[in-house]
Amino acid sequence: MKSTKLSMRVWISLIVFGLFGQLAWTVENMYFNVYVYNTITGNTTVIASMVAFSALTATLTTLFMGALSDKAGKRKVFICAGYIIWGFTTFAFSLVTVHNVSLLFPAANAVVVAGILVVIMDCVMTFFGSTANDAAFNAWVTDVTVPENRGKTETVLSIMPLLAMAVVFGALAPLTMDGKWTLFFAIVGGLTSLGGVIGLFVIKDQPGLKAATGNYGSNLIYGFRPSTVKVNQRLYITFCTIGILSMAQQVFMPYLIIYIEKYLGFTNYIPVVAVAGVIAMALSLGFGRLMDKIGKAAFLIPSWILLLIGFIAVYLIGNRGNQIVFGILGGVMLGAGFLLTSAVSGLIRDFTPESKAGQFQGVRIFFVVLLPMVTGPYIGSGVIKNTGMTYEELGQIKPVPTPEIFLASAVVAVFAIVPILFLLRAAKKKN
């Protein structure tokens with residue numbers, strides 16, 4: 001039986017790979033979009049397409065590589081090698097510019113070709129990121145934790161995106177404001193690769209982890225079989241819950257920085273984001289231990305309500321003024337709601353069958369990444385275009401995200417109540 005107390009080596013691995021991985025994902029999910037919007041094209045459909053193709057790549061990669069890590073009975077090699085290469089591909093994204101494309105393809109429409117190349121480059125980066133983080137690292141976390149400590153570990157992991165945002169916004173965002181994109185991507189890529197190097201010395205595969213039996217092809221589709229769904233109903237209901245909430249997040253997330261800069265007009269948004277993020281992280285950490293004591297299911301409704309309040313608050317803030325003070329308050333509610341909701345994803349680990357963690361990572365990404373990212377960004381793009389707010393830059397007419405994207409996010413999040421109620425009913429029957 002696994003100990004409920006995690007070793008220092010495990011905690012270091014969780015923090016290193018959790019933080020450095022989220023640094024890369026923060027840049028991929030938020031700043032790739034800003035980079036494209038500011039330097040290549042203001043067409044938000046290109047951004048939505050980039051997000052959608054990246055999500056498809058992440059899902060297929062996690063499905064194949066997660067099952068492969070199960071078949072190999074190893075996680076470390078996939079994690080460390082993946083992080084090292086992931087860093088290099090993150091830096092390579094900065095090489096895709098309209099100027100470079102015009103030099104390579106002088107007869108082509110440089111903007112169109114550059115738009116296609118950024119989508120391809122994003123998919124390449126996502127392949128290595130998903131191999132390392134989504135497939136291998138997440139399976140490893142399931143391997144080394146138990147239900148009694150997953151509330152705490154998931155809470156720590158769930159604050160990593162905000163901590164990564166604080167690092168990027170606080171230390172690196174000024175580079176993007178000055179147009180120093182190559183240096184920006186070089187630093188983030190270097191840190192990501194450094195995480196892989198550190199991992200060579202600190203992370204270990206769970207002792208006794210055995211290679212998965214059965215045919216590799218059969219293992220690939222294991223998580224999508226009706227018989228598997230029937231046996232693991234609570235797991236798939238949890239997938240649906242997290243999937244809907246992730247979809248709500250993706251309605252606004254790809255356009256958040258653009259919204260802050262272009263609609264709210266914050267030339268320096270770092271203090272607002274930093275203060276809101278720190279408070280939200282403190283609230284989430286404070287509830288981590290409590291979650292392990294009273295159960296994760298008890299946090300579903302409160303975190304869902306907090307998330308809805310946060311969406312509505314941020315929507316009202318954008319239309320009523322006083323953005324700085326109320327922006328912090330709205331950001332705290334929105335951030336805490338997402339952090340607590342993300343922490344509840346520990347239920348996924350609790351319901352995952354022993355020794356099959358890798359095989360279920362592709363299913364998890366299908367619900368948490370693919371479905372949200374091929375729907376949410378297009379919903380957000382449609383809302384943005386229908387509001388009709390634009391501005392002109394270098395001869396291009398660019399649409400501006402408005403507060404309505406947060407209202408649309410709230411509408412999507414409302415539907416999460418259906419699987420949440422099923423989860424609560426299942427928890428009640430178990431008790």
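Analyst: Buried means under 20% relative accessible area, exposed over 50% and partly exposed in between, with a 1.4 Å probe and protein chains only. This is a predicted model, in which local features need pLDDT of at least 70 and side-chain atom pairs count only at pLDDT 80 or more, while totals for chains, interfaces and linings use all residues. Residues are numbered from 1 along each chain as its sequence is written, and side-chain values use heavy atoms, with hydrogens and water left out.

User: ok, so is R75 buried or exposed?

Analyst: R75 has a relative accessible area of 1%, so it counts as buried.

User: and which residue forms a salt bridge with D143?

Analyst: That is R75, with the closest N and O atoms 2.7 Å apart, a salt bridge being a side-chain nitrogen of Lys or Arg within 4 Å of a carboxyl oxygen of Asp or Glu. The pair links distant parts of the chain, 68 residues apart, since D143 lies in helix α5 and R75 in the loop between α2 (44–72) and α3 (76–92); helices here are DSSP runs of H or I with at least four residues, numbered from the N terminus.

User: what about D143, buried or exposed?

Analyst: D143 is buried as well, because its relative accessible area is 7%. Salt bridges that share partners join D70, R75 and D143 into one network.

User: how far apart are the closest N and O atoms of R75 and D70?

Analyst: In that salt bridge they are 2.8 Å apart, and both R75 and D70 are buried.

How values were computed
Helix = DSSP H or I, 4+ residues; strand = E, 2+ residues; numbered from the N terminus.
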